[in-house]
Amino acid sequence: VYVAGPECYCNPTVSNEDESGITNVTFDGIGTNSSSEPFYTDFTNTQFSVAQSGTYTLSARVSVSSTPLVTKAWIDWNQDGNFAEGESYNLGVVTSGLDVSSGISATVMVPQDALLGSTRMRVRTATVDNPLVLDPCANTENGESEDYKILVTPGLGVPNADLLKSSIVVYSANKAINVKSTVEEINNI
């Protein structure tokens, strides 16, 4: 019998486990350090808050002991218990080094229709033949997976304000609240 529902996610597995893995995940300037072992760590007690339509930066650091590692992240924006390819972020490929950048800082744009509340983010690094096929669930050679909790909150206003005739628009962008007006000059708030 298989029962699915909220918080029911696939279990990533690793064969030929070595000391390759994730040493840091940084989301919007907040970093979480870890060792590169074991092959899976549940960090869902660590929560990152994001707003619908907000833009954030995601990066990782990894240690490579033998073969190159591909690193990706997935965020289950629709909270359906699956990490879809459209919910993935490429974080790069590393060929060697200890505690080095995974190569790419991803720009994470939270969908305006992302479901509110807690959802899962998985960051995974592994040895794969083709960097495009790293899977959030399948068995891989070497590497590590880490799961985090993302708290999606309502966005404030609209992400890209298109001012209409005779309107005042309040919206959030880059951790700031913006107020724009086509009616008259804003003197103070």
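Tutor: We can start with a charged pair. This is a predicted model, and in it the side chains of Asp-99 and Arg-61 form a salt bridge, with 3.3 Å from N to O.

Student: Why is the pair Asp-99 and Arg-61 called a salt bridge?

Tutor: The label asks for a side-chain nitrogen of Lys or Arg within 4 Å of a carboxyl oxygen of Asp or Glu. Asp-99 and Arg-61 have an N to O distance of 3.3 Å, so the pair meets the cut-off of 4 Å. Side chains of opposite charge can pair when their charged atoms come close.

Student: What parts does the pair of Asp-99 and Arg-61 tie together?

Tutor: Asp-99 is in strand E8 (residues 97-101) and Arg-61 is in strand E5 (residues 55-64), so the parts tied together are 38 residues apart in sequence.

Student: What makes Asp-99 partly exposed?

Tutor: Its relative accessible area is 35%. Buried would need under 20% and exposed over 50%, so a value in between is called partly exposed. Arg-61, with 33%, is partly exposed as well.

Student: How many salt bridges does the rule give?

Tutor: The count comes to 4 salt bridges. One of them joins the side chains of Lys-72 and Glu-85, at 3.1 Å from N to O. Lys-72 is in strand E6 (residues 69-75) and Glu-85 is in the loop between E6 and strand E7 (88-94), 13 residues apart.

Student: Which label does Lys-72 get, buried or exposed?

Tutor: Lys-72 has 5% relative accessibility and counts as buried, because the limit for that label is under 20%. Glu-85 has 52% relative accessibility and counts as exposed, because that label needs over 50%.

Student: How do you know that Arg-122 and Asp-147 form a salt bridge?

Tutor: Their N to O distance is 2.7 Å, and the rule asks for within 4 Å, so the pair qualifies. Arg-122 lies in strand E10 (residues 117-127) and Asp-147 in strand E11 (residues 140-153), 25 residues apart. Both Arg-122 and Asp-147 are buried. Arg-120, Arg-122 and Asp-147 are linked in a network of salt bridges.

Student: What makes Cys-10 and Cys-137 a disulfide?

Tutor: The S to S distance of Cys-10 and Cys-137 is 1.8 Å. The cut-off is 2.5 Å, so the pair is counted as a disulfide. By this rule the count comes to 1 disulfide. Cys-10 is in the segment before strand E1 (14-15) and Cys-137 is in the loop between E10 and E11, 127 residues apart.

Student: Why is the disulfide of Cys-10 and Cys-137 called left-handed?

Tutor: The torsion about its S-S bond is about -65°, so the disulfide is left-handed. Cys-10, at 24% relative accessibility, counts as partly exposed, and Cys-137, at 25%, counts as partly exposed too.

Student: Why is the phi of Ser-53 worth a remark?

Tutor: Most residues other than glycine have a negative phi. Ser-53 has a positive phi, near 70°. Ser-53 is in the loop between strand E4 (40-51) and E5, and is buried with a relative accessible area of 18%. Gln-79 also has a positive phi, near 50°, and is in the loop between E6 and E7. Gln-79 is partly exposed, with a relative accessible area of 28%.

Student: Why is Ile-150 called buried?

Tutor: Its relative accessible area is 0%, and the label needs under 20%, so Ile-150 is buried. Ile-150 is in strand E11. Beyond residues up to four places away in sequence, Ile-150 touches several residues, including Phe-27, Trp-77 and Met-121.

Student: What elements does the protein chain have?

Tutor: The protein chain has 0 helices and 13 strands. Buried residues make up 41% of its 189 residues.

Technical notes. Residues are numbered from 1 along each chain as its sequence is written. This is a predicted model: local features need pLDDT of at least 70, side-chain atom pairs count only at pLDDT 80 or more; totals for chains, interfaces and linings use all residues. Side-chain values use heavy atoms; hydrogens and water are left out. Helices (H or I, at least four residues) and strands (E, at least two) are DSSP runs, numbered from the N terminus. Buried means under 20% relative accessible area, exposed over 50%, partly exposed in between (1.4 Å probe, protein chains only). Contact means heavy atoms within 4.5 Å.
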